[in-house]
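Hi everyone, thanks for coming. Today I'd like to walk you through some charged side chains and how they pair up.

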Amino acid sequence: WLWLSQVSTQLGESVALVTDELDRMGRIVNDLLLLAKAEQPDFVRIEPVDVEALTGELHDKIAAIASRDWRVESVGTGTILADRQRLTQAVVQLAENAAKQTDDGDLVALGTSVVDGEARFWVRDTGPGIPREDQERIFGRFARGSTGGRTEGAGLGLSIVDAIARAHGGQVELSSRPGHGATFTLVVPPPKIEART
């Protein structure tokens, strides 16, 4: 019976390892498909988005990610034209990254602003920061920073955030110094009005 119990335990551990690896591979495939879709014109579905309401929803979602000191440090007001689901996806990804770079109880702040029709959504963490030599590279596919030893992942998260920003005609800004955390800001400009001829 002891032998049978050991075989059963080993089999269970093997199944758990295989299942975990299949889940990881599935996430990578889904992320790659998402990045491929980012090249399509229907990747974003533009609609009016109330930034103040979205900020509250974002905070509720990210506060469930990990045991951090999640704070809202600024709330933008106004309505923008954007894809609410894609913005949520981008900010949640930034918050997941911040959670991976911080420890239980550490501060992670969410902020939004709207000025002259331009919306900004940011996540600020108090983690180790990002070395200057990594700051541009980390937005590439499969790229990870030199502090990436702290985390698992395929290195696709920031390229997805960047694709969402670009699909809105915007960009992602990064402000970081080693030892002083990082702030990632998703910038969504007002839509361009095409001149009629």
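Let's begin with D162, which is buried at 14% relative accessibility; buried means under 20% relative accessible area, exposed over 50%, and partly exposed in between, with a 1.4 Å probe and protein chains only. By salt bridge I mean a side-chain nitrogen of Lys or Arg within 4 Å of a carboxyl oxygen of Asp or Glu. Both residues sit in helix 4 (residues 157-167), four residues apart, about one turn of the helix. Helices (H or I, at least four residues) and strands (E, at least two) are DSSP runs, numbered from the N terminus.

A word on the source: this is a predicted model, where local features need pLDDT of at least 70 and side-chain atom pairs count only at pLDDT 80 or more, while totals for chains, interfaces and linings use all residues. Residues are numbered from 1 along each chain as its sequence is written, and side-chain values use heavy atoms, leaving out hydrogens and water.

In one of them, E73 pairs with R124 at 2.7 Å between the closest N and O atoms. Because E73 is in strand 2 (residues 69-74) and R124 in strand 5 (residues 118-125), this pair ties together parts 51 residues apart in sequence. E73 is partly exposed at 39%, and R124 is partly exposed at 26%.

Finally, R120 and E118 meet in a salt bridge of 3.4 Å, N to O, and a network of salt bridges links E118, R120 and E173.
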